[in-house]
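This report describes selected local features of one structure. The sequence and the model come first, and the notes follow.

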Amino acid sequence: MSDVAQELSKQLKVPIYLGPERQNELLTIEFNELTLEPALQLMSPTVYVDYEIDTGSGAPPKPLGIYFFDTNQGEPPVTQVVNGSTQSMLIEGNTEDGVEPETDADKKQAEEQPLKVAFKDNLLTVKAKKQPLALVLLKIGEELGIPVDIQEQNGSVIDAEFSKLPIEDLVRQLSPHIRLYLRADLTRAERRALRLVLAEPPKATQ
């Protein structure tokens, strides 16, 4: 298995991490013309893949790290291949936090908040009325519990509504300047975001 992982890593140009029990395991397998994820699943009982999605490139998600782990090994560290030195913070407040809206007008105003983000069943719902893109991303990060790195204050304003979308579909529709890092747990068929970056648009070359 270690030889297979080494050769695969060379071909894919992606680091591959093996669980301790997998290091000395012998593998006999044959398949052809499979896409990446089904192929990886044939090779290990527990597989994770960390991806980078660049919303401006239109390219498919780019694998950054592949983990062939032992059955009971648990999940790899979140920062194994996805790490950033900076993280932006969302600080927001209301002088009346904790006070329930009393009148109908107050309730209506609460419902008409310019920015609402909800995350349920791995799907995001975002309602933004003329809100800065950076603020929308910070709010999404807060809701998902992931770091957000705002590298570019490009002043983009979002006026849109998205209902029950996976994070990768949502960011593609939000802006071409977002990089999303996510982890696919192939064993459980789950995908979760690890980090969001609002990157600077590429400089136009003469």
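## The second largest pocket

Two elements, α6 (167-174) and β9 (190-198), each supply at least two residues of the lining of the second largest pocket. Helices (H or I, at least four residues) and strands (E, at least two) are DSSP runs, numbered from the N terminus. The model is predicted: local features need pLDDT of at least 70, side-chain atom pairs count only at pLDDT 80 or more, and totals for chains, interfaces and linings use all residues. Residues are numbered from 1 along each chain as its sequence is written, and side-chain values use heavy atoms, with hydrogens and water left out.

On a 1 Å grid over the protein atoms alone, a pocket is an open set of points where a 1.4 Å probe fits, with protein on both sides within 12 Å along at least five of seven lines; lining residues have an atom within 4 Å of a point. The second largest pocket holds about 220 Å³ of space, a volume being the space filled by probe spheres set on the points. β9 gives the largest share of the lining, three residues. Among the lining residues are Phe-119, Asn-122, Glu-168 and Arg-191.

## Aromatic pairs

The structure holds three aromatic pairs. Rings of Phe, Tyr and Trp (its six-membered ring) pair if their centres lie within 6.5 Å; planes under 30 degrees apart count as stacked, over 60 as edge-to-face and the rest as tilted. Two of the pairs are tabulated.

| Pair | Type | Centre to centre | Angle between planes |
|---|---|---|---|
| Tyr-17 and Tyr-67 | stacked | 5.1 Å | 15° |
| Tyr-48 and Phe-69 | edge-to-face | 6.2 Å | 75° |

Tyr-17 is in strand β1 (residues 16-18) and Tyr-67 in strand β3 (residues 62-69), so their pair ties together parts 50 residues apart in sequence. Tyr-67 is buried, with a relative accessible area of 0%, whereas Tyr-17 is partly exposed at 25%. Buried means under 20% relative accessible area, exposed over 50%, and partly exposed in between (1.4 Å probe, protein chains only). Ring pairs link Tyr-17, Tyr-48, Tyr-67 and Phe-69 into a cluster.

## Ser-44

Ser-44 sits in the loop between α3 (36-43) and β2 (46-54) and counts as buried at 7% relative accessibility. Its side chain makes a polar contact with the side chain of Arg-22 (2.4 Å). A polar contact is a pair of N or O atoms within 3.5 Å; within protein, one must be able to donate a hydrogen and the other to accept it, and residues adjacent in sequence count only if both atoms are side-chain atoms.
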